[in-house]
Amino acid sequence: QLNTTQSYGDCLSLRAYGFKQQSQLDSALAYYLKATLVFDSTSTSGLISQLNNVADICISTGNFTKAREAYERAIQLAKDANNNIALGTTLEATSFLFGLSGNFEEGLKNSDSALAIFYRSGNILRLANAYLSRGTLLKSIGQYDQSIKAFLKADSIYQDQMAAESRNTVANNIGVVYYTQGDYENAIKYHRQALSQLKKGVYDEAYFLYRGNVAEDLFYLKKYIEAETELLEALPLAKEKKFIRSASGMTLALGKLFYETKRSDKAIEYFTYASEYANSSGEKESAIEAFNYLGLINKESGKAEKAENDFRKAVTIVDQHKIANGWEPFYQLGLLYFTQNKFDSSLRYFKRAVELLDKNSENLYGGDAARKIFNNDPRKSDLYSKITFSYFNLGNISEAWAYANRSNIAGIKELSGSLSSSSNNEEKNEALKKLLSMQQAKKALESTLEKQDGVAKIETLKK
C-alpha cells in the first residue's frame, strides 16, 4: 500500500515539512516542488495543498511573484474541482500576500469570500485564520479599530478551540497596529508577549519577525543600544536561514538606527539593500520607508535632486497603492520645496500629508487616548506650521491664519486671543509676523539646546 504514487507524494511533502521546521527553506521548497509534480497526476486536493506550501515558502524568501503564481493556480484548480474548503484556504492565504504587496481591494475581496466559505462550512479554525489575514489588510488601509477587532475575533476562536499555538500571531499583529499608531509602549508589550509564546529553541520565520519587531519598538522608544544589540544578533542568522522577508525588515530597522545615531554611511548601505529587496518582492510599505530615508540622507548631503527623486518614488507608491500610513514622504518632499522657497509646490505635498494623517486619526484603536499618542509627534505640529508660513509667504493670510489655528504652534493661542472675529487681514498679517518671529526664536533655542547640558540646558528650557 505504501509503494504507490500517492504515498510517494505524501513522503515528499513530509520531507519538505521537516526541512521547513528546521528552517532549511531551499530544501523545503525543492521537496514541495517535487511533490507538486507527483500530485499533478494523482490528486487535485494534494496538488492544491502543495502549491499553497510552495507559496508560503516563497513569501518567507521574499519571492512574492512566485507565491502569487502558485496561489493563482491553486485557486483555479479548487474552482474546477468545486473544492470550497481548498478554495477558501487559498483565498485566505492570498489576502495576506495582497496586504504585503499593496493590492488591498483584491485582498479584501478574497478575504470576504474566504470568510463566507468558512462560515457556511462551519470550519472554525480556518475562519479564525481568515480573520487574522483580514486584520492585517485592515491595518494597511488605516482601519486600525476594525483591524484589532478582527484579531480579537481570531484570538477568541483560538482560545475556544484550544489552539494556543496560533495565539502568538495574534499578539504580534496587535503589536503591529499599536506600532503603526505610534504607541510603542503597547507595541513592545504585545511583541514581547508574542515572542514568549513561541516554542523555545525553534528559529523559524515568526521568531525572526517578532525579534525584529521588538528591536524596532526599542528604536522608537530611543533605547538605541538595546535595539542595535537585538538586530545585530538576529539579522545574520535570519539571512543564513534565508528568511529574507524578516531579514529585510531588520535591515530597514538598522538603517533607521544608524541614521538617527549619525552613522549615515552605514545607514545608506542598509537602506539601499532594503529598497532593492522591496522593489524585487513588491513589499510596498518597506519600499516607502527605505526611499524616504534615502531621501533624507541625500537632502542632508546637499544632493537635493537625488533627495527629490527618492521622495517622489515613495509618494508614487503611496498614491498608486493607497497606503494609509504614507504621510511622511509627502511631508519631506514639502519640506524640500519649502527650503527652496517653492511655496506652491510645498503646499501641494504638505496638504496631502495632512489628508493622510486626518484619515489615519479617524480610525485609531483606543479613542481619545490613542489620538493623543498618535498626534504626539513634533513633525506633525511642524507640518501645520509649514503650511501656515507657506500660505503667509504667498500672501494668502486667511488660509495661513486658518491653518495656524488648527495646529499646536507655540504662541498661536496667545495671538488668537488678542484678535476678535472681526479682525481684518492686516491685523492677522501682523499677528502672523509675530508668530513667525516666535517660531524662529524657538528654533534657535532648540538648536542651542542640542549643544548644552547641566545648568545652561535648564535655563534654555525655561526660555
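Author: Let us begin with exposure: a residue is buried under 20% relative accessible area, exposed over 50%, and partly exposed in between, with a 1.4 Å probe and protein chains only. This is a predicted model, in which local features need pLDDT of at least 70, side-chain atom pairs count only at pLDDT 80 or more, and totals for chains, interfaces and linings use all residues. Residues are numbered from 1 along each chain as its sequence is written, and side-chain values use heavy atoms, with hydrogens and water left out.

Reader: Is Met-162 buried or exposed?

Author: Met-162 has a relative accessible area of 72%, so it is exposed. Its place is in the loop between α8 (144–160) and α9 (167–180); helices are DSSP runs of H or I with at least four residues, strands are runs of E with at least two, and both are numbered from the N terminus. Met-162 also has a positive phi of about 55 degrees, although it is not a glycine.

Reader: How many helices and strands does the protein chain have?

Author: The protein chain has 24 helices and zero strands. Of its 463 residues, 51% count as buried.

Reader: How is the length of a helix judged, and what does helix α7 show?

Author: The expected span of a helix is 1.5 Å times one less than its number of residues. Helix α7 (residues 124–140) has 17 residues and reaches 25 Å from its first C-alpha to its last, close to the expected 24 Å. Helix α7 is mostly covered, with 13 of its 17 residues buried. After α7 comes Gly-142, whose phi is positive, near 85 degrees. As a second case, α18 has 20 residues and reaches 28 Å between its first and last C-alpha, close to the 28 Å expected. The buried residues of α18 include Phe-343, Leu-347, Tyr-349 and Asn-360.

Reader: What does Gly-88 touch?

Author: Contact means heavy atoms within 4.5 Å. Not counting residues up to four places away in sequence, Gly-88 touches Ala-114, Ile-117 and Phe-118. Gly-88 lies in helix α5 (residues 84–101) and is buried, with a relative accessible area of 0%. Gly-88 and Ala-130 are 42 residues apart in sequence, yet 8.7 Å apart in space, C-alpha to C-alpha.

Reader: Where does His-191 lie?

Author: His-191 lies in helix α10 (residues 184–196). With a relative accessible area of 1%, His-191 is buried. Leaving aside neighbours within four places in sequence, its contacts are Asn-172, Gly-175, Val-176, Asn-213, Val-214 and Asp-217. His-191 and Gly-175 are 16 residues apart in sequence and 5.5 Å apart in space, C-alpha to C-alpha.

Reader: Which residues have the most contacts inside the largest nonpolar core?

Author: A nonpolar core is a set of buried Ala, Val, Leu, Ile, Met, Phe, Trp, Tyr and Cys residues joined through side-chain atoms within 4.5 Å. The largest one has 134 residues, and those with the most contacts inside it are Phe-271, Leu-383 and Ile-387. Among the residues that Phe-271 touches, beyond four places in sequence, are Leu-252, Tyr-259, Leu-294 and Ile-297.

Reader: How many aromatic pairs does a search of the whole structure find?

Author: A pair of aromatic rings is described by the distance of the centres and the angle of the planes. Rings of Phe, Tyr and Trp (its six-membered ring) pair if their centres lie within 6.5 Å; planes under 30 degrees apart count as stacked, over 60 as edge-to-face and the rest as tilted. A search of the whole structure finds 21 such pairs. The rings of Phe-208 and Phe-243 have centres 5.7 Å apart and planes at 35 degrees, so this pair is tilted. Phe-208 lies in helix α11 (residues 205–220) and Phe-243 in the loop between α12 (224–240) and α13 (244–260), so the pair ties together parts that are 35 residues apart in sequence. Both Phe-208 and Phe-243 are buried.
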